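Hi,

Here is the structure I promised to pass on.

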Amino acid sequence: MNIAAEPYPFDFVPERCALLIIDMQRDFLEPGGFGEMLGNDVSQLRRAIEPNVKLLAAWRAAKLRVIHTREGHLPDLTDLHASKKNRGSHAMRIGDEGPMGRILVRGEEGHDIIPELYPQKEEPVVDKPGKGAFHATDLHDLLKHNGIHQLVVTGVTTEVCVSTTVREANDRGYDCLIVEDCVASYFPEFHKWSLEMTKAQGGIFGWVSESRHLLGALEKWSAETCGANADNADTADTADNAGSAGNAANMTVNEKGESSGAPIC
């Protein structure tokens, strides 16, 4: 199934594709969090929330794989190297006490994912100490175990954790599609040029599209899947009924007339 994208259409294979939502955490997106404490305008990131909500709902309805990530560190900060902790000249640093608990520390309120996109119990959450979702995590093993070859990537920020993850994924053989209106940056110009770099030179790191194209593809795929399941169920019912007419002892339709192949649609 082709999805309109740049630099050319993306060959979408839903059964082999996961939605990877990067770092939609309170510390980055909510007022008073670490992002705002660094002097950033969180409204620039919050504009990506609604498109993510719609895409996530459609992805869940299609019963496809969803994976979330969170950037943060162990409470004792043993996975936080000095070059990251001492970056910049800000008064507040990772591990310090902030309005939503210790900044970017696992288990604190600010480290958690925003309520609008909160993971369901069956959706894995990959906790990462760095910018890329593959570094020092089991994401690669998780994807391989589930037969995932493609990633639809959303989240924040476009030029840092999203871009780093897409580049890591590209080096590991995954086809990545970034959803332009579902990623965001504190700096609009960084957002723009990160996407330009992704799709440059024939898609050197991946593809870029919009959520409306994904939503249309998911709706079409779900309809086709349910239609195919319904046809298979009808065929099975017909065969079962024909068999029962000749030999009631061999009837496989249950007392309610239900077929074991009935689709859940």
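Predicted model: local features only at pLDDT ≥ 70, side-chain atom pairs only at ≥ 80, totals over all residues.

Residues are numbered from 1 along each chain as its sequence is written, and side-chain values use heavy atoms, with hydrogens and water left out.

Helices and strands here are DSSP runs numbered from the N terminus (H or I, at least four residues, for helices; E, at least two, for strands). Helix α7 (residues 158-171) packs with helix α8 (residues 188-203) at an angle of about 15°, and their axes are 10 Å apart. Axes are lines fitted to C-alpha atoms, for helices over the stretch in contact, and angles run from 0 to 180 degrees between N-to-C directions. The two helices, α7 and α8, are therefore roughly parallel to each other (the cut-off is under 35 degrees). On the α7 side, the contact (heavy atoms within 4.5 Å) is made by Thr158, Glu159 and Arg167, and on the α8 side by Phe190, His191, Ser194, Leu195 and Met197. These contact residues divide into three nonpolar, three polar and two charged. Nonpolar covers Ala, Val, Leu, Ile, Met, Phe, Trp, Tyr, Cys and Pro, charged covers Asp, Glu, Lys and Arg, and the others, Gly among them, are polar.

Helix α7 turns up again in the largest pocket, where it gives the largest share of the lining, three residues. A pocket is an open set of points on a 1 Å grid over the protein atoms alone, where a 1.4 Å probe fits, with protein on both sides within 12 Å along at least five of seven lines; lining residues have an atom within 4 Å of a point. The volume of the largest pocket is about 390 Å³, taken as the space filled by probe spheres set on the points, which are joined across faces, edges and corners. Its lining has 19 residues, and Phe28, Leu38, Arg87, Val160 and Tyr186 lie nearest the centre. By class, that lining has eleven nonpolar, three polar and five charged residues.

Now the backbone. The Glu6 to Pro7 peptide bond is cis, with omega near 10°, and Pro7 sits in the loop between β1 (2-3) and β2 (10-11). The bond from Val156 to Thr157 is also cis, with omega near -15°; Thr157 is in the loop between β8 (150-156) and α7. Leu77 is not a glycine, yet has a positive phi of about 60°.

Cheers

Methods. Parallel < 35°, antiparallel > 145°, perpendicular 65-115°, else oblique.
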